Each structure stands twice: as C-alpha cells, then as structure tokens.
Amino acid sequence: MNAIVAVDRNWGIGRDNDLLIHLPGDLKYYKEKTIGNVIIVGQRTLESFPGSRPLPGRTNIVLSDDPAFAPEGCIVCRTKEEVLEKAAEYDPDRVFICGGASIYRLFLEDCSAFYVTKIDEAFEADTFFPDLDALGYHVDWASEPREEKGIRYRFERYVKE
Ligand SMILES: NC(=O)c1ccc[n+]([C@@H]2O[C@H](COP(=O)([O-])OP(=O)(O)OC[C@H]3O[C@@H](n4cnc5c(N)ncnc54)[C@H](OP(=O)(O)O)[C@@H]3O)[C@@H](O)[C@H]2O)c1
C-alpha cells in the first residue's frame, strides 16, 4: 500500500485539525492519485474533510475506537488488524494511507511507497509526519518545482529500498 501526504520543511502536516495550507495544485494531485481508489484515514482527518463527509469517488475506510462512531458512506474499522483485513480485498497499489499523524505512524511499516508533497516553508505545525530521510527511505522520483500563492513546492516519491 501507499501513503500520500503534504509536508513542510520540518515534516509538519497540520495545525488545529486542518492542513497547513491549501494549494490547489496539490489538492488536484491528491485527487488524481486517490480517485477511484481506497483511502484510509483516522477519525480526526475525516472530521477535517469538507462537511466532515467522506471524500466522493473513493472507498473511505475510517479508523476509530469509539463504538458510537458510524459516519454515513464510510467503512469503519476499530483496529489496525481490521483495516489490514479490509484493505487486503483491494489491489495494494490502489490503497492509500491518508492520515492524520497517528494513522501515518501506525501504517508506516506497511507502506511501500510514499507520495510526499514537499512544501518549501516552515509553518507553525502541531502534527508531524515521520522524517523519512532520517529513517533511511529515499526519493526515487521528483517533479519539477512549482509555485502557487508565492509558495514553492514539489511532488516526490519515497521508497524503502
Ligand atoms: N498534510 C497532510 O497531507 C495531511 C493529511 C491528513 C491529515 N492531516 C492533518 O493531520 C491532523 C490530524 O491528525 P491526528 O493524528 O490528530 O488525527 P487522525 O490520525 O486523523 O485521527 C486520530 C483518531 O483516529 C483513531 N485512531 C487512531 N489510531 C487508532 C487505533 N490504533 N485504533 C483505533 N482507532 C484509532 C482515533 O479515533 P477515536 O478517537 O474516534 O477513537 C483517533 O482519535 C490534522 O491537522 C489534519 O489536517 C494532514
């Protein structure tokens, strides 16, 4: 399976249960990668989606410990094992771990590719992605740099080997 994430210079990913910045080109890239596929998110990330609703055109698997949590249009799993069991029904290339921080950490070792948008800014983040450079992963593909809202960013793919 894959993970997809947008990080700043310090691997920051969010603040106050929202993204650090909304870059239209990055949101388009995220949609292109995930549409028609399976996304796996934590309960807080689902809450952060527009209207706290699952993202359309995708199978939304949500992880929550709360037995009362039953959002419409989602497959709810209570444990990591339940998620892996459900995800095994799909082609692993079509499955994307989509955050937030706790879910990225939980499935780090299960991912073979990481689609990382590197935003060339240092925001005041309160949630972070593990530093893949420090963990020995490496970049096997990178896009040309882009700029939007005066902010430079680019798409990279990290792999283990
Ligand atoms: N930059 C990006 O690409 C990106 C992508 C996604 C999210 N984000 C940001 O990340 C932040 C949210 O991250 P977060 O870590 O606070 O929240 P999260 O990972 O989205 O959700 C946390 C919740 O998931 C459930 N959960 C986590 N581990 C579990 C387990 N082992 N078993 C059962 N349930 C489990 C729990 O729900 P219950 O409390 O219901 O049990 C927990 O409260 C936001 O700022 C968001 O905008 C950024």
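Start with the largest nonpolar core: select Ala3, Val5, Ile40, Phe96 and Ile97, which touch the most other members among its 37 residues. Such a core is a set of buried Ala, Val, Leu, Ile, Met, Phe, Trp, Tyr and Cys residues joined through C-beta atoms within 7 Å. Buried means 20 or more other C-beta atoms within 10 Å of a residue's own, exposed means 12 or fewer, and C-beta atoms are placed from the backbone.

Strands (E, at least two residues) and helices (H or I, at least four) are DSSP runs, numbered from the N terminus.

A word on the model: it is predicted, so local features need pLDDT of at least 70 and side-chain atom pairs count only at pLDDT 80 or more, while totals for chains, interfaces and linings use all residues. Residues are numbered from 1 along each chain as its sequence is written.

Next, select helix α1, residues 24-34. Asp26, Tyr30 and Thr34 are its buried residues. They fall within an arc of 60 degrees seen down the axis, so they line one face of α1. That arc is taken from the directions from the helix axis to the C-beta atoms. Turn to the face away from the buried side: Pro24, Lys28 and Glu32 are exposed there. Just after α1, find Gly36, with a positive phi of about 80 degrees.
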